[in-house]
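Reader: Could we go through this structure together? I would like to discuss its fold, its core and its side-chain pairs.

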Amino acid sequence: MENFVGEDLKFRREQIERGLVKGRDKLIEMTERYLLRAPIILIIMTNAQEGPSFTRALLSVLYEYMVDQGDMIGAILLNDMESVDWGTFKYNDASARPSDEAMWYNVEMCHKDDVVHWWQQIGLNSECITHDLQ
């Protein structure tokens, strides 16, 4: 980068940053089905940077799935879902969702059946785990 100065340096830096973002997005696109399976789902949930937004998006998907399916689910996906300890995960206006959470939400909504399956399969809907997740 020492070969560039001024506007050229700024342009090259922005170009590199755009390339990195596009590369990350492509990697996520190529592997998104695997992101929602055990044990990777647990690794993402516990990641200090991505975990909170991933989990809030996960809660949004589960909540919307419960609302859409109603009594047809046959199981409780979120125990004590009205608790404020979950944080904000219900949005009447999709534009109110933070951008990092919206990215995960969009990935998870494309595979909501997998999300619900693995949530139940891993046992994250168990009442004894609810407190730890909150």
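Author: The turns below take up the fold, then salt bridges, then the core and the aromatic pairs.

Reader: What should I know about the model before we start?

Author: This is a predicted model, in which local features need pLDDT of at least 70 and side-chain atom pairs count only at pLDDT 80 or more, while totals for chains, interfaces and linings use all residues. Residues are numbered from 1 along each chain as its sequence is written, and side-chain values use heavy atoms, with hydrogens and water left out.

Reader: How many helices and strands are there in the protein?

Author: The protein has six helices and zero strands. Along the sequence the pattern reads α-α-α-α-α-α. Helices (H or I, at least four residues) and strands (E, at least two) are DSSP runs, numbered from the N terminus.

Reader: What percentage of the residues is buried?

Author: Of the 134 residues in the protein, 31% are buried. Buried means under 20% relative accessible area, exposed means over 50%, and partly exposed is in between (1.4 Å probe, protein chains only).

Reader: And the accessible surface of the protein, what does that come to?

Author: The accessible surface is about 8,800 Å², and carbon and sulfur atoms account for 53% of that. The areas come from the Shrake-Rupley method with a 1.4 Å probe; for residues, only the protein chains shown count as cover.

Reader: What share of the contacts joins residues at least 24 apart?

Author: Taking contacts between residues at least 6 apart in sequence, 62% join residues at least 24 apart. Contact here means heavy atoms within 4.5 Å.

Reader: Changing topic: how many salt bridges does a search of the whole structure find?

Author: The search finds five salt bridges. The criterion is a side-chain nitrogen of Lys or Arg within 4 Å of a carboxyl oxygen of Asp or Glu.

Reader: Which residue forms a salt bridge with Asp8?

Author: Asp8 pairs with Arg12, and their closest N and O atoms are 3.6 Å apart. Both residues lie in helix α1 (residues 6-35), four residues apart, which is about one turn of the helix. Asp8 is partly exposed at 33% relative accessibility, and Arg12 is partly exposed at 31%.

Reader: What about Arg56, which residue does its side chain meet in a salt bridge?

Author: The side chain of Arg56 meets that of Glu101, at 2.9 Å from N to O. Arg56 lies in helix α3 (residues 51-69) and Glu101 in helix α4, so the pair ties together parts that are 45 residues apart in sequence. Arg56 is partly exposed at 24% relative accessibility, whereas Glu101 is buried at 0%. A network of salt bridges links Arg56, Glu64, Arg97 and Glu101.

Reader: What else is Glu101 in contact with, leaving aside its neighbours within four places in sequence?

Author: Besides Arg56, the residues in contact with Glu101 include Ser53, Ala57, Ser60, Thr88, Phe89 and Tyr91.

Reader: Which residues of helix α4 are buried?

Author: In helix α4 (residues 99-109), the buried residues are Glu101, Trp104, Tyr105, Val107 and Glu108. They cover an arc of only 165 degrees around the axis, which puts them on the same side of α4. The arc is that of the directions from the helix axis to the C-beta atoms.

Reader: On to the largest nonpolar core: which of its residues touch the most other members?

Author: Among its 21 residues, those are Met45, Phe54, Leu58, Leu62, Leu77, Leu78 and Trp119. Helices α2 (40-46), α3, α4 and α5 (112-122) each supply at least two residues of this core. The largest share, eight residues, comes from α3. A nonpolar core is a set of buried Ala, Val, Leu, Ile, Met, Phe, Trp, Tyr and Cys residues joined through side-chain atoms within 4.5 Å.

Reader: Lastly, how many aromatic pairs does the structure hold?

Author: It holds two aromatic pairs. Phe54 and Trp104 form one that is edge-to-face, with 5.0 Å centre to centre and 90 degrees between the planes. Phe54 lies in helix α3 and Trp104 in helix α4, so this pair ties together parts that are 50 residues apart in sequence. Both Phe54 and Trp104 are buried. Tyr63 and Phe89 form an edge-to-face pair as well, at 6.0 Å centre to centre and 80 degrees between the planes. Rings of Phe, Tyr and Trp (its six-membered ring) pair if their centres lie within 6.5 Å; planes under 30 degrees apart count as stacked, over 60 as edge-to-face and the rest as tilted.

Reader: Are Tyr63 and Phe89 buried or partly exposed?

Author: Tyr63 is partly exposed, with a relative accessible area of 22%, while Phe89 is buried at 3%.
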